[in-house]
Amino acid sequence: MTDEVRVSVSSDADVVEAREKGRELSATLGFSSIDLTLIVTAISEVARNILLYAKQGEIVLRLDNNGGQHGIVVVARDDGPGIPDLELAMRDSYSTGNGLGLGLPGARRLMDEFEIESEISKGTTIVMKKWAPERV
Amino acid sequence: MAVPILKQGHYLIASIQAALSDSDVLQLQDDLVEQVGRFRSRGIIVDVTALDVMDSFASRSLRGIAHMTRLRGAETVIVGIQPEVAFAMVQLGMSLEDVHTALDLEEGLSFLDTQLKESTDGDR
Ligand SMILES: Nc1ncnc2c1ncn2[C@@H]1O[C@H](COP(=O)(O)OP(=O)(O)OP(=O)(O)O)[C@@H](O)[C@H]1O
Ligand SMILES: [Mg+2]
(Lines give C-alpha, C1' and ligand atoms only; values in the text may rest on other atoms or scores of the structure.)
(Ligands and ions follow the chains in the order given, each with its own letter.)
Protein backbone atom coordinates (compact mmCIF):
# COMPACT_ATOMS: atom_id res chain seq x y z
CA MET A 1 0.00 0.00 0.00
CA THR A 2 1.36 3.42 -0.93
CA ASP A 3 0.91 6.03 1.75
CA GLU A 4 1.34 9.08 -0.43
CA VAL A 5 -0.71 9.99 -3.47
CA ARG A 6 -0.16 13.02 -5.69
CA VAL A 7 -2.72 14.48 -8.02
CA SER A 8 -1.66 17.37 -10.18
CA VAL A 9 -4.52 19.77 -10.69
CA SER A 10 -4.97 21.66 -13.92
CA SER A 11 -8.45 20.71 -15.11
CA ASP A 12 -11.82 20.04 -13.55
CA ALA A 13 -11.36 16.31 -14.17
CA ASP A 14 -8.34 16.52 -11.83
CA VAL A 15 -10.59 17.90 -9.11
CA VAL A 16 -12.77 14.80 -9.47
CA GLU A 17 -9.67 12.61 -9.35
CA ALA A 18 -8.37 14.32 -6.20
CA ARG A 19 -11.72 13.64 -4.54
CA GLU A 20 -11.66 9.99 -5.56
CA LYS A 21 -8.06 9.42 -4.49
CA GLY A 22 -8.76 11.18 -1.19
CA ARG A 23 -11.74 8.96 -0.51
CA GLU A 24 -9.74 5.85 -1.38
CA LEU A 25 -6.81 6.63 0.88
CA SER A 26 -8.99 7.84 3.77
CA ALA A 27 -11.10 4.71 3.57
CA THR A 28 -8.04 2.64 4.55
CA LEU A 29 -8.17 4.34 7.98
CA GLY A 30 -11.68 3.22 8.86
CA PHE A 31 -13.36 6.62 8.78
CA SER A 32 -17.16 6.65 9.00
CA SER A 33 -18.96 7.40 5.76
CA ILE A 34 -19.89 10.82 7.16
CA ASP A 35 -16.21 11.61 7.81
CA LEU A 36 -15.27 10.39 4.33
CA THR A 37 -17.79 12.76 2.82
CA LEU A 38 -16.50 15.67 4.92
CA ILE A 39 -12.91 14.97 3.83
CA VAL A 40 -13.84 14.65 0.18
CA THR A 41 -15.86 17.86 0.26
CA ALA A 42 -12.91 19.74 1.78
CA ILE A 43 -10.58 18.33 -0.89
CA SER A 44 -12.99 19.45 -3.57
CA GLU A 45 -12.98 23.03 -2.24
CA VAL A 46 -9.20 23.46 -2.06
CA ALA A 47 -8.64 21.70 -5.38
CA ARG A 48 -11.14 23.94 -7.11
CA ASN A 49 -9.50 27.01 -5.59
CA ILE A 50 -6.20 25.91 -7.14
CA LEU A 51 -7.86 25.61 -10.52
CA LEU A 52 -9.76 28.90 -10.26
CA TYR A 53 -7.15 31.17 -8.74
CA ALA A 54 -3.77 29.58 -9.52
CA LYS A 55 -4.68 27.64 -12.71
CA GLN A 56 -2.53 24.73 -11.62
CA GLY A 57 -1.02 23.07 -8.62
CA GLU A 58 -1.21 19.78 -6.81
CA ILE A 59 -2.97 17.88 -4.08
CA VAL A 60 -0.82 15.56 -2.01
CA LEU A 61 -2.55 12.98 0.14
CA ARG A 62 -0.76 11.02 2.83
CA LEU A 63 -1.30 9.17 6.03
CA ASP A 64 -0.11 10.48 9.36
CA ASN A 65 0.34 8.92 12.76
CA ASN A 66 0.28 10.87 15.99
CA GLY A 67 1.06 8.71 19.00
CA GLY A 68 -0.90 5.81 17.58
CA GLN A 69 -3.75 7.86 16.18
CA HIS A 70 -4.03 7.68 12.43
CA GLY A 71 -5.07 10.48 10.19
CA ILE A 72 -5.24 11.72 6.64
CA VAL A 73 -3.22 14.74 5.55
CA VAL A 74 -4.26 16.77 2.56
CA VAL A 75 -1.79 19.27 1.16
CA ALA A 76 -2.98 21.68 -1.51
CA ARG A 77 -0.12 23.55 -3.10
CA ASP A 78 0.21 26.03 -5.95
CA ASP A 79 2.61 28.63 -7.31
CA GLY A 80 -0.20 31.01 -8.14
CA PRO A 81 -0.80 34.67 -7.23
CA GLY A 82 -1.10 34.07 -3.49
CA ILE A 83 -3.69 35.58 -1.17
CA PRO A 84 -3.11 39.20 -0.06
CA ASP A 85 -5.20 39.06 3.11
CA LEU A 86 -5.53 35.60 4.64
CA GLU A 87 -7.75 36.68 7.48
CA LEU A 88 -10.20 38.12 4.99
CA ALA A 89 -10.01 35.07 2.72
CA MET A 90 -10.83 32.78 5.65
CA ARG A 91 -14.04 34.67 6.36
CA ASP A 92 -17.41 33.29 5.37
CA SER A 93 -18.81 34.97 2.24
CA TYR A 94 -15.55 36.61 1.18
CA SER A 95 -14.95 35.94 -2.49
CA THR A 96 -12.97 37.76 -5.15
CA GLY A 97 -14.63 35.55 -7.76
CA ASN A 98 -18.31 34.87 -8.09
CA GLY A 99 -18.31 32.14 -5.47
CA LEU A 100 -20.13 31.98 -2.17
CA GLY A 101 -16.86 32.52 -0.32
CA LEU A 102 -17.38 29.29 1.60
CA GLY A 103 -14.54 27.13 0.28
CA LEU A 104 -11.76 28.05 2.71
CA PRO A 105 -13.74 28.64 5.91
CA GLY A 106 -15.90 25.62 5.05
CA ALA A 107 -12.89 23.34 4.51
CA ARG A 108 -11.57 24.45 7.90
CA ARG A 109 -14.85 23.44 9.52
CA LEU A 110 -14.93 20.10 7.71
CA MET A 111 -11.44 19.03 8.85
CA ASP A 112 -9.81 18.72 12.31
CA GLU A 113 -6.75 20.78 11.49
CA PHE A 114 -6.27 23.48 8.90
CA GLU A 115 -3.23 25.63 8.17
CA ILE A 116 -2.77 28.05 5.33
CA GLU A 117 0.29 29.90 4.15
CA SER A 118 0.40 32.24 1.24
CA GLU A 119 2.80 34.69 -0.28
CA ILE A 120 1.99 37.19 -3.01
CA SER A 121 3.23 36.01 -6.42
CA LYS A 122 4.72 32.90 -4.82
CA GLY A 123 1.72 30.77 -4.13
CA THR A 124 -0.46 29.19 -1.53
CA THR A 125 -0.10 26.04 0.56
CA ILE A 126 -2.84 24.54 2.68
CA VAL A 127 -2.25 21.61 5.01
CA MET A 128 -5.33 20.04 6.52
CA LYS A 129 -5.83 16.88 8.56
CA LYS A 130 -8.53 14.68 9.87
CA TRP A 131 -7.95 12.07 12.57
CA ALA A 132 -9.58 8.68 12.40
CA PRO A 133 -11.46 7.27 15.37
CA GLU A 134 -9.30 4.88 17.44
CA ARG A 135 -9.59 1.33 16.37
CA VAL A 136 -10.57 -1.10 19.08
CA MET B 1 -19.95 12.30 -17.86
CA ALA B 2 -23.01 14.02 -19.27
CA VAL B 3 -26.18 13.72 -17.23
CA PRO B 4 -29.05 12.05 -19.11
CA ILE B 5 -32.30 14.00 -19.15
CA LEU B 6 -35.57 12.18 -19.59
CA LYS B 7 -38.74 13.89 -20.72
CA GLN B 8 -41.79 12.57 -18.97
CA GLY B 9 -45.02 14.43 -19.74
CA HIS B 10 -44.70 17.97 -18.43
CA TYR B 11 -41.57 17.11 -16.53
CA LEU B 12 -37.88 16.71 -17.14
CA ILE B 13 -35.97 14.22 -15.03
CA ALA B 14 -32.20 14.49 -14.82
CA SER B 15 -30.55 11.55 -13.08
CA ILE B 16 -26.98 12.12 -12.10
CA GLN B 17 -25.23 8.79 -12.60
CA ALA B 18 -21.66 9.32 -11.50
CA ALA B 19 -19.15 11.81 -10.18
CA LEU B 20 -19.75 15.25 -11.65
CA SER B 21 -17.04 17.55 -12.84
CA ASP B 22 -17.69 21.28 -12.90
CA SER B 23 -18.16 21.27 -16.65
CA ASP B 24 -20.71 18.43 -16.35
CA VAL B 25 -22.65 20.58 -13.90
CA LEU B 26 -22.57 23.58 -16.23
CA GLN B 27 -23.61 21.39 -19.14
CA LEU B 28 -26.57 20.12 -17.14
CA GLN B 29 -27.53 23.69 -16.36
CA ASP B 30 -27.50 24.66 -20.06
CA ASP B 31 -29.31 21.51 -21.15
CA LEU B 32 -32.12 21.93 -18.63
CA VAL B 33 -32.67 25.59 -19.40
CA GLU B 34 -32.77 24.81 -23.12
CA GLN B 35 -35.10 21.82 -22.79
CA VAL B 36 -37.51 23.59 -20.46
CA GLY B 37 -37.93 26.18 -23.19
CA ARG B 38 -38.20 23.65 -25.99
CA PHE B 39 -40.69 21.31 -24.30
CA ARG B 40 -42.43 23.95 -22.21
CA SER B 41 -41.88 21.74 -19.20
CA ARG B 42 -43.56 22.67 -15.94
CA GLY B 43 -41.34 20.78 -13.58
CA ILE B 44 -37.80 19.49 -13.24
CA ILE B 45 -36.44 16.77 -11.04
CA VAL B 46 -32.71 16.51 -10.47
CA ASP B 47 -31.92 13.17 -8.88
CA VAL B 48 -28.66 13.36 -6.93
CA THR B 49 -28.93 9.98 -5.19
CA ALA B 50 -25.68 8.83 -6.82
CA LEU B 51 -23.71 11.91 -5.76
CA ASP B 52 -21.32 11.24 -2.90
CA VAL B 53 -20.19 14.82 -2.61
CA MET B 54 -21.79 18.20 -3.13
CA ASP B 55 -19.43 21.09 -2.67
CA SER B 56 -19.99 24.82 -2.91
CA PHE B 57 -19.81 24.84 -6.69
CA ALA B 58 -22.29 22.00 -7.17
CA SER B 59 -24.79 23.48 -4.70
CA ARG B 60 -24.49 26.92 -6.21
CA SER B 61 -25.11 25.47 -9.65
CA LEU B 62 -28.14 23.46 -8.54
CA ARG B 63 -29.55 26.62 -7.05
CA GLY B 64 -28.81 28.36 -10.34
CA ILE B 65 -30.75 25.68 -12.20
CA ALA B 66 -33.75 26.17 -9.93
CA HIS B 67 -33.71 29.94 -10.37
CA MET B 68 -33.14 30.02 -14.12
CA THR B 69 -35.78 27.44 -14.90
CA ARG B 70 -38.28 29.15 -12.59
CA LEU B 71 -37.93 32.22 -14.80
CA ARG B 72 -38.99 29.98 -17.66
CA GLY B 73 -42.00 28.69 -15.77
CA ALA B 74 -40.79 25.43 -14.27
CA GLU B 75 -40.33 24.35 -10.67
CA THR B 76 -37.24 22.35 -9.77
CA VAL B 77 -37.03 19.69 -7.09
CA ILE B 78 -33.73 18.17 -5.97
CA VAL B 79 -34.27 14.60 -4.85
CA GLY B 80 -32.12 12.02 -3.12
CA ILE B 81 -29.55 14.12 -1.25
CA GLN B 82 -27.70 11.53 0.84
CA PRO B 83 -27.62 12.13 4.61
CA GLU B 84 -23.80 12.37 4.63
CA VAL B 85 -23.89 14.86 1.80
CA ALA B 86 -26.54 16.96 3.56
CA PHE B 87 -24.42 16.95 6.71
CA ALA B 88 -21.30 18.04 4.85
CA MET B 89 -23.25 20.85 3.17
CA VAL B 90 -24.34 22.18 6.53
CA GLN B 91 -20.77 22.08 7.86
CA LEU B 92 -19.55 23.85 4.78
CA GLY B 93 -22.11 26.55 5.44
CA MET B 94 -24.31 26.02 2.43
CA SER B 95 -28.00 25.78 2.29
CA LEU B 96 -30.47 25.08 -0.44
CA GLU B 97 -33.05 27.18 1.45
CA ASP B 98 -34.92 28.48 -1.51
CA VAL B 99 -34.81 25.21 -3.45
CA HIS B 100 -37.36 22.43 -3.13
CA THR B 101 -35.99 19.10 -2.01
CA ALA B 102 -37.62 15.71 -1.63
CA LEU B 103 -36.54 12.34 -0.34
CA ASP B 104 -36.81 10.43 -3.58
CA LEU B 105 -38.12 10.51 -7.13
CA GLU B 106 -41.64 9.46 -6.14
CA GLU B 107 -41.95 12.19 -3.55
CA GLY B 108 -40.49 14.71 -5.97
CA LEU B 109 -43.04 13.79 -8.62
CA SER B 110 -45.96 14.05 -6.25
CA PHE B 111 -44.69 17.44 -5.09
CA LEU B 112 -44.63 18.66 -8.69
CA ASP B 113 -48.09 17.23 -9.34
CA THR B 114 -49.46 19.20 -6.39
CA GLN B 115 -47.70 22.39 -7.52
CA LEU B 116 -48.93 22.02 -11.07
CA LYS B 117 -52.48 21.37 -9.94
CA GLU B 118 -52.44 24.44 -7.71
CA SER B 119 -51.12 26.67 -10.46
CA THR B 120 -53.66 25.47 -13.03
CA ASP B 121 -56.47 25.85 -10.46
CA GLY B 122 -55.22 29.39 -9.94
CA ASP B 123 -55.41 30.07 -13.67
CA ARG B 124 -59.10 29.43 -13.83
N1 LIG C 1 -5.13 28.89 -4.10
C2 LIG C 1 -5.49 30.19 -4.10
N3 LIG C 1 -4.70 31.11 -4.72
C4 LIG C 1 -5.06 32.43 -4.72
N5 LIG C 1 -6.17 32.91 -4.14
C6 LIG C 1 -7.00 32.04 -3.51
C7 LIG C 1 -6.70 30.66 -3.46
N8 LIG C 1 -7.68 30.03 -2.76
C9 LIG C 1 -8.54 31.00 -2.40
N10 LIG C 1 -8.14 32.22 -2.85
C11 LIG C 1 -8.80 33.53 -2.60
O12 LIG C 1 -9.57 33.43 -1.40
C13 LIG C 1 -10.92 33.77 -1.66
C14 LIG C 1 -11.83 32.91 -0.79
O15 LIG C 1 -11.77 31.54 -1.21
P16 LIG C 1 -13.02 30.59 -0.90
O17 LIG C 1 -12.72 29.25 -1.46
O18 LIG C 1 -13.33 30.69 0.55
O19 LIG C 1 -14.21 31.29 -1.68
P20 LIG C 1 -14.50 31.32 -3.26
O21 LIG C 1 -13.62 30.35 -3.97
O22 LIG C 1 -14.42 32.73 -3.68
O23 LIG C 1 -16.01 30.83 -3.33
P24 LIG C 1 -16.55 29.31 -3.14
O25 LIG C 1 -15.39 28.47 -2.70
O26 LIG C 1 -17.62 29.41 -2.08
O27 LIG C 1 -17.09 28.93 -4.46
C28 LIG C 1 -11.11 33.55 -3.13
O29 LIG C 1 -12.16 34.34 -3.66
C30 LIG C 1 -9.74 33.95 -3.70
O31 LIG C 1 -9.65 35.33 -3.82
MG1 LIG D 1 -13.44 28.35 -3.35
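The exercises below concern a predicted model and the interface of its chains A and B.

Residues are numbered from 1 along each chain as written, while chains are lettered from A in the order in which they are written. Local features need pLDDT of at least 70 and side-chain atom pairs count only at pLDDT 80 or more, whereas totals for chains, interfaces and linings use all residues, and side-chain values use heavy atoms, without hydrogens and water.

**Exercise 1.** Describe the extent of the interface between chain B and chain A.

Solution. First count contacts (heavy atoms within 4.5 Å): 21 residues of chain B touch 22 residues of chain A. Next take the buried area (accessible area, 1.4 Å probe, lost on putting two parts together, summed over both), which is about 1,900 Å², with 57% given by carbon and sulfur atoms.

**Exercise 2.** Find the salt bridges across this interface, and the elements of chain B that contribute to it.

Solution. Apply the rule (a side-chain nitrogen of Lys or Arg within 4 Å of a carboxyl oxygen of Asp or Glu), which finds four salt bridges between the chains. One salt bridge joins R48(A) and D22(B), at 2.6 Å from N to O. Helices here are DSSP runs (H or I, at least four residues), numbered from the N terminus; α1 (22–39), α2 (56–71) and α3 (83–92) of chain B each give two or more residues to the side touching chain A, and α3(B) gives the most, with six residues.
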